[in-house]
Amino acid sequence: MAKNILGLDLGTNSIGWALIKQDFQNKQGEILGMGSRIIPMSQDVLGDFGKGNSVSQTAERTKYRGVRRLRERFLLRRERLHRVLNIINFLPEHYASQIDFEKRFGKFKEETEPKLAYNKDGFIFKNSFEEMLSDFQKYQPQLLEDGKKVPYDWTIYYLRNKALTQKIEKEELAWILLNFNQKRGYYQLRGEEEEENPNKLVEFYSLKIVDVLADEAQKEKLTFDIH
């Protein structure tokens, strides 16, 4: 009498199966069907799964939403800064020409994303770069020993230091400001925290001055009673 037998191979992120028909008395059999299902999972998820730690889908969505918000805020800040710098004529011509100030208001034109410090002829702040090399030669000669090459991009850090005490070109200041904008950290917009934590407990305290004690001349020490 023939029997149908289902075999399963269960893995951490895959399932294999085979359905066979086997007649043990007549020593005959055939494969009725087989296949596998792969569950795509990253290595970190597999590691947590192996440890018995479940992954919250809400946590995953929150992580990706946070990354998306950071990028959106960076782009919005850059567009606003582009408009301001363009109004006061601080942007290099090759850079400003690749920005749409009429319809997209500070965004780069389609299929373009120019570098402010480089045009078709190369690095545009070579005078400041040479000043930096002279400064290195005087105070840090080891940086130039044995024919060592110094990247052009180091110039922005030299300019950031120079701008504290000396005048720099307006295009150089625009380069510094856009660099600061790019490296700026996370900023929580008002209302987002309440949206993500609707059950958060908010407490308010009223403060009342109960006494004023003299400490030193022209200084006062205040004591508060919190209710």
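This is a predicted model: local features need pLDDT of at least 70, side-chain atom pairs count only at pLDDT 80 or more; totals for chains, interfaces and linings use all residues.
Side-chain values use heavy atoms, with hydrogens and water left out.

The protein chain exposes about 18300 Å², of which carbon and sulfur atoms supply 52%; accessible areas come from the Shrake-Rupley method with a 1.4 Å probe, and for residues only the protein chains shown count as cover. Of its 227 residues, 21% count as buried, where buried means under 20% relative accessible area, exposed over 50%, and partly exposed in between (1.4 Å probe, protein chains only). The secondary structure comprises 7 helices and 9 strands, taken as DSSP runs numbered from the N terminus (helices: H or I, at least four residues; strands: E, at least two). Among contacts (heavy atoms within 4.5 Å) with a separation of 6 or more, 35% join residues 24 or more positions apart.

Helix α6 covers residues 170-183, and the 20 Å between its end C-alpha atoms agrees with the 20 Å that its 14 residues should span at 1.5 Å a residue; the expected span is 1.5 Å times one less than the number of residues. The buried residues of α6 are Glu172, Ala174, Trp175, Ile176, Leu178, Asn179 and Asn181.

Helix α6 also supplies at least two residues of the lining of the largest pocket, as do α2 (57-87), β5 (107-108) and α5 (155-162). A pocket is an open set of points on a 1 Å grid over the protein atoms alone, where a 1.4 Å probe fits, with protein on both sides within 12 Å along at least five of seven lines, and lining residues have an atom within 4 Å of a point. About 720 Å³ of space lies in the largest pocket, and, of the 29 residues that line it, the closest to its centre are Tyr95, Pro114, Lys115, Leu116 and Gln182. The most is given by α2, with 6 residues.

Lysine 27 is found in the loop between β2 (14-23) and β3 (28-38), and counts as exposed because its relative accessible area is 74%. Glutamate 111 lies in the loop between β5 and β6 (118-119), and is likewise exposed, at 80% relative accessibility.

How values were computed:
Residues are numbered from 1 along each chain as its sequence is written. Grid points are joined across faces, edges and corners, and a volume is the space filled by probe spheres set on the points.
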